[in-house]
Amino acid sequence: MKIVETHAHLDLPDFDQDRDQLIRQCRQEDIINIIDIGYNKETSEDAVRLAEKYDFVYATVGYHPHEASDYQPDVIKQLARHPKVVAIGEIGLDLFRNISPKKTQKEVFEDQIILSQEYNLPLVIHDRDAHEECYEILKKLQAKKVVFHCFSGDIVFAEKLIKEGWKLSFTGNITYNNSNLHDVIRMIPEDSFFVETDCPYLSPLPLRGKRNSPLNLLLVVEKIADIRLQTPKEIAEITTRNALKFFNIPAK
């Protein structure tokens, strides 16, 4: 059962002790591609290096809203040309923690959307307590290929994004007892969603509180299958097809 991990942070120190072993194990367990996500200068560069090392790993580059005050557009411009870079992200707005000023977050978000259009790359969106603000900026700048990673909105917001042709990605938090995403998962069209772990964060049940990894992606797939009354194999096939098309990764 082949699966694509669309959002991992394997370059972080959490994986320093066993990174290579873990990545090899992922390949053995039919995780056919991993997208390692940049969120500032260092992690974007590290994601590209990881993608250079493994043929089935790809990278994104970008500045997370928490990192907006340190934004360097030239970093994005340099890295976005790399053949293993498949998206700009994760970028967006975080109005829950407001580590960077809201005005700065919005300016950096808009600039990176414009850069994504210049380099013809899709967008990976971080949206926390900022649904309408993210939507309005993306609409204003006529963004086309967009995925809201770790989707956290309600069914009304989900329908709004789907109407634009944008995608949603689901993580281990859908397995939590307090998850309010089951209605979204039931209604979402087959061509509109992916799966991810956001590792090392958001470990699915029954592993909550432990370090997450792409090896736990099957638990997300199984939960979606259970909610949608489909088989895990069907969900794996659907999400793999969607991810490869969205990120323009050759099927193998």
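**Close-up views of a predicted model**

**View 1. Ile227, a buried residue.** With a relative accessibility of 9%, Ile227 counts as buried (buried means under 20% relative accessible area, exposed over 50%, partly exposed in between, with a 1.4 Å probe and protein chains only). Please keep in mind that this is a predicted model, where local features need pLDDT of at least 70, side-chain atom pairs count only at pLDDT 80 or more, and totals for chains, interfaces and linings use all residues. Residues are numbered from 1 along each chain as its sequence is written, and side-chain values use heavy atoms, with hydrogens and water left out. Ile227 sits in helix 8 (helices are DSSP runs of H or I with at least four residues, strands are runs of E with at least two, and both are numbered from the N terminus). Leaving out residues up to four places away in sequence, Ile227 touches His182, Ile185 and Arg186 (contact means heavy atoms within 4.5 Å). Between the C-alpha atoms of Ile227 and Asn173, 54 residues apart along the chain, there are 14 Å.

**View 2. Helix 8 and its buried face.** Helix 8 covers residues 217-228 and spans 17 Å from its first C-alpha to its last, close to the expected 16 Å (1.5 Å times one less than its number of residues). Which residues of helix 8 are buried? They are Leu217, Val220, Val221, Ile224, Ala225, Ile227 and Arg228. Seen down the helix 8 axis, these buried residues fall within an arc of 165°, so they line one face of the helix (the arc is that of the directions from the helix axis to the C-beta atoms). Their cover includes strand 1, strand 7, helix 7, strand 8 and helix 9. Just after helix 8, Leu229 takes a positive phi of about 60°.

**View 3. Helix 4 crossing helix 5.** The axes of helix 4 (residues 102-118) and helix 5 (residues 131-140) come within 10 Å and cross at roughly 35° (axes are lines fitted to C-alpha atoms, for helices over the stretch in contact, with angles from 0 to 180 degrees between N-to-C directions). Helix 4 contributes Lys102, Lys106, Phe109, Glu110 and Ile113 to the contact, and helix 5 contributes Glu133, Cys134, Ile137, Leu138 and Lys140.

**View 4. Ser116 in helix 4.** Ser116 is found in helix 4, and at 3% relative accessibility this residue counts as buried. Apart from neighbours within four places in sequence, Ser116 is in contact with Ile88, Leu121 and Leu123.
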